[in-house]
Amino acid sequence: MGAADDAVEIRLSEDCHLRVLREADADELHRLVERNRAHLSPWMPWAADQTPERTAAFIRTTERRRADNNGFEAAIVLDGQIVGALGFPGVDWVARATSIGYWLDEAHQGHGLMTRAVRALIDHAFGEWDLNRVEIRAAAENRRSRAIPERLGFRQEGLLREAERVGDRYQDLVVYGLLAGDP
């Protein structure tokens with residue numbers, strides 16, 4: 001899934017796949033953010049004041065990153081509807097490293113969907129891109145988000161104190177890392 005393969009889909013199950021976000025997804029993606037605003041706002045700095053215009057601008061930014069071979073964002077599509085998003089906000093080709101960010105519709109949590117989606121991106125990073133390291137940062141208090149890297153064999157590498165501002169507060173971030181050679 002890079003600049004040259006927009007049509008590629010990563011199949012997660014018979015009724016679910018990942019595909020690159022495109023500008024035509026802006027309205028649907030924003031409606032999903034609206035429905036999940038209260039759920040996302042405690043953890044995501046952008047969620048509280050996300051607008052349709054900012055959603056469209058975000059997708060245009062991700063399209064430029066993909067064209068520059070510097071990561072991509074994917075929609076999680078279940079039964080034809082977008083239920084979340086995840087992606088690589090950038091790639092350090094010299095260090096052969098990237099990070100993964102993700103969020104999921106509250107109604108679709110607890111079924112292993114995000115774990116399968118993140119696993120697919122890890123496979124892409126290590127397999128297609130031949131990277132050495134994948135990192136995930138999650139709010140220390142966000143147990144659901146932290147469960148993903150823990151389930152997938154990432155190592156907890158540290159705590160970044162007050163590393164992210166969300167609303168009027170700072171939150172600590174737990175740093176998880178996975179290397180291509182890890183079991």
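Rings of Phe, Tyr and Trp (for Trp, its six-membered ring) are said to pair if their centres lie within 6.5 Å, and such pairs count as stacked with planes under 30 degrees apart, edge-to-face over 60 and tilted for the rest. The structure above, a predicted model, holds five aromatic pairs.

One of them joins Phe-72 and Phe-88 in an edge-to-face arrangement, with 5.2 Å centre to centre and 80 degrees between the planes. Phe-72 belongs to strand β3 and Phe-88 to strand β4, so this pair ties together parts that are 16 residues apart in sequence. Both Phe-72 and Phe-88 are buried, where buried means under 20% relative accessible area, exposed over 50% and partly exposed in between (1.4 Å probe, protein chains only). Ring pairs also link Phe-72, Phe-88, Trp-93 and Trp-129 into a cluster. Helices (H or I, at least four residues) and strands (E, at least two) are DSSP runs, numbered from the N terminus.

Residues are numbered from 1 along each chain as its sequence is written, and side-chain values use heavy atoms, leaving out hydrogens and water. As this is a predicted model, local features need pLDDT of at least 70 and side-chain atom pairs count only at pLDDT 80 or more, while totals for chains, interfaces and linings use all residues.

Now to the helix pair α1 (residues 26-35) and α3 (residues 52-67), whose axes come within 9 Å and cross at roughly 125 degrees; axes are lines fitted to C-alpha atoms, for helices over the stretch in contact, and angles run from 0 to 180 degrees between N-to-C directions. The two helices are therefore oblique to each other, the class left once angles under 35 degrees are called roughly parallel, over 145 roughly antiparallel and 65 to 115 roughly perpendicular. Ala-26, Leu-29 and His-30 of α1 meet Pro-52, Thr-55, Ala-56 and Ile-59 of α3, contact meaning heavy atoms within 4.5 Å.

Helix α5 (residues 143-151) has Ser-145, Arg-146, Ala-147, Ile-148 and Pro-149 buried. The buried residues of α5 pack against β7 (101-104), α4 (113-128), β8 (133-139), β9 (155-166) and β10 (169-179). After α5 comes Gly-153, with a positive phi near 85 degrees.
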